[in-house]
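Have the sequence and the model open as you read.

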Amino acid sequence: MFHDISADMHRVMRALEEQTARDQPSLRSVPVDVGRCLSLLAMSAPQGAFLELGSSGGYSSLWLSLAARARGVTLTTVDLDEKKVALARENVSRAGAAGSVQVFHGDALDYATRFEEIAFCFSDIEPPELNGKVYEKVIPRLVPGGWLVIDNVTSPRIQTDLLNRAQTDTRVDSVLLPFPKGDLICRKC
């Protein structure tokens, strides 16, 4: 999967990586290793919907598009910021991933309830404090073996309630990975 990334996608990914290095607060893209991890997890997901909450510039969408294309599914990604939606659409198109990714403008919490059988969901929304609500909306909709990955769970403020909830929730197995701002990874039992 990683060895088959097109030249166009490589160019768009590099441009987004450079833009993020210059201005992380405005774009908020995940690091390369997080993108690769997301793609691998999505590749192992069971049948069901692929959802991304918080598109930003489309960088993580491109990583997830690799798994979506290989699996023959479409990633639905949504962002509340119209400028980021436009940027994500442009980047997805320029990277040649439009056949695997649909970018929507809207509220992440609304989109989290539009699917009943979610196989993979990545949440990277602002403010991160809303991720507790994402968790409560997505976990019941995950299919057995489905994944929920939530970015930024330890920064800027530790989301202790969310982490405690995931660790004690008998519906999921979870782990907190110490990526730059903490990624909570949950798998539905």
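## Ser-174

Leaving out residues up to four places away in sequence, Ser-174 touches Ala-166, Gln-167, Leu-184, Ile-185 and Cys-186. A contact here means heavy atoms within 4.5 Å. Ser-174 sits in strand β6, residues 172-177. Strands are DSSP runs of E with at least two residues, helices are runs of H or I with at least four, and both are numbered from the N terminus.

The side chain of Ser-174 has a polar atom 3.3 Å from the backbone oxygen of Ala-166. Ser-174 is partly exposed, at 29% relative accessible area. Buried means under 20%, exposed over 50%, and partly exposed in between, using a 1.4 Å probe and protein chains only. Trp-147 is 27 residues from Ser-174 in sequence, and their C-alpha atoms are 9.7 Å apart.

## Basis of the model

The model is predicted: local features need pLDDT of at least 70, side-chain atom pairs count only at pLDDT 80 or more, and totals for chains, interfaces and linings use all residues. Residues are numbered from 1 along each chain as its sequence is written, and side-chain values use heavy atoms, with hydrogens and water left out.

Ser-29 lies in the loop between α2 (24-27) and α3 (32-43). Its relative accessible area is 11%, so Ser-29 is buried. The side chains of Ser-29 and Thr-20 make a polar contact of 3.3 Å. Such a contact is a pair of N or O atoms within 3.5 Å; within protein, one must be able to donate a hydrogen and the other to accept it, and residues adjacent in sequence count only if both atoms are side-chain atoms.

Ser-60 belongs to helix α4, residues 59-71. Ser-60 is buried, with 5% relative accessibility. Not counting residues up to four places away in sequence, Ser-60 touches Val-30, Leu-38, Glu-52 and Phe-122.

## The whole chain

The protein chain has 8 helices and 7 strands. Its radius of gyration is 15 Å, close to the 16 Å that the globule rule gives for 189 residues, so the chain is as compact as a globular protein of that length. That radius is taken over C-alpha atoms, and the rule is 2.2 Å times the number of residues to the power 0.38. The C-alpha atoms fill a box of roughly 45 × 35 × 30 Å along the principal axes.

Buried residues make up 51% of the 189. Among contacts with a separation of 6 or more, 74% join residues 24 or more positions apart.
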